[in-house]
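Thanks, everyone. Let's take a quick look at this chain and how its parts meet.

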Amino acid sequence: MKMSNMLMPTLREVSGDVEIESHRLMLKAGLIRKMASGVYNYLPLGLKALRQIEHIIRTEMNDAGAQEILASALIPSELWEESGRYQAYGPELMRLKDRNNHEFCLGPTHEEVFTAIARQEIKSYKQLPINLYQIQTKYRDEIRPRYGMMRSREFLMKDAYSFDKDQAGLDLSFNIMKETYQRIFSRCGLKAIGVEADSGSIGGSNSMEFMVPSVVGEDDIVHCPCCHYTANIEKATSYLETRTNTDWLELTEVFTPKVHTIEEVAAFFNVDAKQTAKTLIYTADQQTIAVMVRGDREVNDVKVKNFLNLTEDIVLADEMTLEACTHAKIGFAGPIGLNVDHLLVDEEAAGLANMIVGANQNDKHYKNVNYSRDFSGEIGDFRLVQAKDLCPHCQAPLEISRGTEVGHIFKLGTKYSKAMNASFLDENGKAQPFVMGCYGIGVSRVLASIIEQHHDDKGIIWPKNVAPYQVMILIMNMKDKQQIKIAEDLYTQLKKANIEVLLDDRNERAGVKFNDADLLGIPLRITVGKSITEHQVEIKARHEQDLHYIDIDEVVCYCENDRSASDLLEG
Ligand code: ATP
Ligand code: MG
């Protein structure tokens, strides 16, 4: 493409609400433009990079035996009523009505649609397994769109759904996708790690997220440096130190005016916060739920939700509900004499001997409280893992770092097929629900993550496999007919050799062209300037500092070798 007539509006400065480098660079290099909060238009260069990623995904998915289809983004609400998600999905679901008042939604994900397709089209076990995928625009009315393409309200997703006749088949389909995902991310030049993820009430190791380590990530990843146990914080567990002290002292009520927070309690009793326990009151699904964890801990909301099989997320109770449950002001909740639908006790808190807790009375705490003697509740793992907790497998101290989720693979089992009555006939002619898996990749988020991992202070440094163009030719002096002639010849030859090439033939100063070349990040830069008198051009790789001069006749060969070396490396 010749840049003289290309829509490639690079910017000197980017203003507005731009918090991360990938977002800034995508605007600055003219890849995307914002239309509304979390809604963007792709310009030519951005779309070309996106297409490269799609190409890698398509090749790998097809090689894995999956088949591409394209479903409608506009979904009749009835399908979502069948699965029970039309209400449960909440305000993130974009809903609309047609002229006849029929309700629709814009698909945020497509389990229902693909299940309906299978229900309609797949009749017999002989047709299984089948894995169907699409690359399609998704809609989610995110509460907080941010970071450009990382969390937008309209984005491109590759979503795949596998249909198997039994669990063993699903396990196989899942493993194939796991390996496929690893290859996709590595070909995209992305360092992504697979982490154990929450799989809702289905539980087990049925869900894996692919995370890109990033300081601007919105997820916390728990990692063991010794045995490499890795899990999303929502799912992570830690080693439980067993209770040793059974020397229980007498339960005592203590007057504690103005002592509310755990810090104040620990200071008042002159103990470590680890000797106290806190009881938090939540509501969800019209139930009151108290969760008790050690004083220095936080509650893991997702574990609570899964344990009680709730449809809603838990939220902290309002003041009135709290006072109805505890009969006291905020700050004095405790496990003894509490009026709630569920009291969940974290296993670690249950093991504490002689702990200090709120007394459910104003200005009072209890000391020497012991589980089973003084109160009881439903015991489980409800705590949020903290850095330095011990690894559940090898007991080394755990580390926590930030990451961005770029992909998610999930064993759905028969959740949707049962709810939507989607079945096939087995070997004995009996109807059985499909055993399903689903597999998502955020294509636009992958694009942003690649730039997040590959840039410097001058601009983008595209990994070769996803670069919108492989080579960029710069003409230094647009008044020099010889330079123009040589550059245009090279441009034509490279195109003939099937190498994607950009020609900077704009009437701009050399400095502007160099700056834009760095900003756009095309892997190889060829500068046609004064050295043509020696029949040479300058070559520079975007990710290296060194300049080389090569003979003009060797340019095509050089670029071809450079490209095939990259295929070997990343392909
Ligand atoms: P997150 O926790 O980041 O909201 P999610 O769990 O909602 O992600 P999935 O429903 O598993 O995501 O969607 C599959 C993939 O789609 C994600 O792995 C992510 O890469 C991408 N994705 C999800 N939400 C967005 C969004 N708002 N903008 C861009 N990509 C997204
Ligand atoms: Mg989400």
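**Domain contacts and aromatic pairs**

Domain 1 and domain 2 bury about 420 Å² between them, and 41% of that is on carbon and sulfur atoms. Buried area here is the accessible area, with a 1.4 Å probe, that two parts lose on being put together, summed over both.

By class, the side of domain 1 that touches domain 2 has 2 nonpolar, 2 polar and 3 charged residues.

This is a predicted model: local features need pLDDT of at least 70, side-chain atom pairs count only at pLDDT 80 or more, and totals for chains, interfaces and linings use all residues. Residues are numbered from 1 along each chain as its sequence is written, chains are lettered from A and ligands numbered from 1 in the order written, and side-chain values use heavy atoms, without hydrogens and water.

Now the bounds. Domain 1 is 15–70 + 108–236 + 400–452, domain 2 is 252–380, and domain 3 is 469–570. They come from an automatic or database domain assignment. The C-alpha centres of domain 1 and domain 2 lie 38 Å apart. In contact are 7 residues of domain 1 and 5 residues of domain 2, with contact meaning heavy atoms within 4.5 Å.

On to the rings. There are 10 aromatic pairs: ring centres of Phe, Tyr or Trp (its six-membered ring) within 6.5 Å, with planes under 30 degrees stacked, over 60 edge-to-face, the rest tilted. Tryptophan 80 and tyrosine 89 are edge-to-face, at 5.4 Å and 80°.

Notes:
Ala, Val, Leu, Ile, Met, Phe, Trp, Tyr, Cys and Pro count as nonpolar, Asp, Glu, Lys and Arg as charged, and the others, Gly among them, as polar.
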